[in-house]
Amino acid sequence: RAYLQEGKTMALVEKRARSPTGDAGALIEVKKPKQSGALMAMGPERTSSMTAPIMMLQGHGGEVLSFQFDPSGKHCASAGHDKDIFLWEVYGECANYAVLKGHKAAVLQIQYSPDNEHLWSCSADKTVMLWDTETGKRVKKFAGHSSFVNSVCPSRHGDNTATSGSDDGMVFVWDPRQRGAAVSFTDEYQVTAVEFSDDGQTVFSGGLDNEIKAWDMKMAEGSDGLRDAWSGHTDTITGLKVSPDGTMLLSNSMDNSLRVWDTRPYVEGERCKRVMRGHSHSFEKNLLRCSWTNDMTKVASGSSDRMVHIWDADEATLLYKLPGHTGSVNDVSFHPFEPIVGSCSSDKKIYLGEIKA
């Protein structure tokens, strides 16, 4: 039910079923002149600047596999099986203001650069691409992987580099100023998730061997670069996310657990600090991702049970199970400044929803 107005895919607000752990509020139509039929919630106090407590974004022609808010909080991006990357406005009518075309197969992950000037994407077409967020034009295409590229993550250091992981077992670091990969690490197994450390000196990877590996950029020359490997998960790792302060790493796995790891060089006791459960992975074996809030008080995960799961990051207790999607929730992202969580699903939809501040 995508609404087209003047050639644009507009967002609708859809009634979300009542959550087992919270009241979504009754939704009624607000009659305003020249309004697109948005629904406004009456009841619970509003916590964000969105037009309504829940906004639904439609337009994708296939499963949506990746979703991210940009660092400004004003825009967001989504991508998936239809090979396209959609750019949306977060506020107002959540207009779809651009579609980035170039990948020849499903786009498996997208991530904004910290300066918000670029968007990185990786695809089943074996490539990584760098896009200009202002013009929507492709800046560079990186070829080098020999199989699906499952994950991409830009450096936080503003040097415009990014790392990628692939089914070919390779972890590459890309620099737009160089031809080919600037750094490469070789794993024995398919790599399904990658993240840069806060200082840009370590690349974390997860894959089919259930381990999280720490690759040292300084050791890349003259050795395999593998500095450490952390065990704990008992099935494939599908998502990784370094915490905003850089001290913790969140991991999602097909063993139906979310784990928090201390990434600092010297750690007292176990490196795995917390384990969260409640979400699920299914026979679809989608690469379900995970996310932190900016203040590090909450974490969230995709789930095959069609719910968005949010936990207290310190207590490891489940705070929310947000319904609405009718397919696997593949990715979640927290707004950088407001209590809003975004989610994308195999049902081809994206939801932006308020949570308690």
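Buried means under 20% relative accessible area, exposed over 50% and partly exposed in between, with a 1.4 Å probe and protein chains only. This is a predicted model, in which local features need pLDDT of at least 70, side-chain atom pairs count only at pLDDT 80 or more, and totals for chains, interfaces and linings use all residues. Residues are numbered from 1 along each chain as its sequence is written, and side-chain values use heavy atoms, without hydrogens and water.

View 1. Cys272 counts as buried because its relative accessibility is 17%. Cys153 is buried too, at 5%. The structure holds zero disulfides (pairs of cysteine sulfur atoms within 2.5 Å).

**View 2. The largest cavity.** The structure holds two cavities of 30 Å³ or more. A cavity is a set of points on a 1 Å grid over the protein atoms alone where a 1.4 Å probe fits but cannot get out; lining residues have an atom within 4 Å of a point. The largest cavity has about 60 Å³ of space (volume is the space filled by probe spheres set on the points, which are joined across faces, edges and corners). Its lining includes Gln68, Arg289 and Cys290. Strands β10 (107-112), β22 (237-242) and β30 (329-334) each give two or more residues to this lining. β22 gives the largest share, three residues. Strands are DSSP runs (E, at least two residues), numbered from the N terminus.

**View 3. The second largest cavity.** About 30 Å³ of space lies here. Among the lining residues are His281, Glu284, Lys285 and Leu288.

Notes
On a 1 Å grid over the protein atoms alone, a cavity is a set of points where a 1.4 Å probe fits but cannot get out, and a pocket is an open set with protein on both sides within 12 Å along at least five of seven lines; lining residues have an atom within 4 Å of a point. Helices (H or I, at least four residues) and strands (E, at least two) are DSSP runs, numbered from the N terminus.
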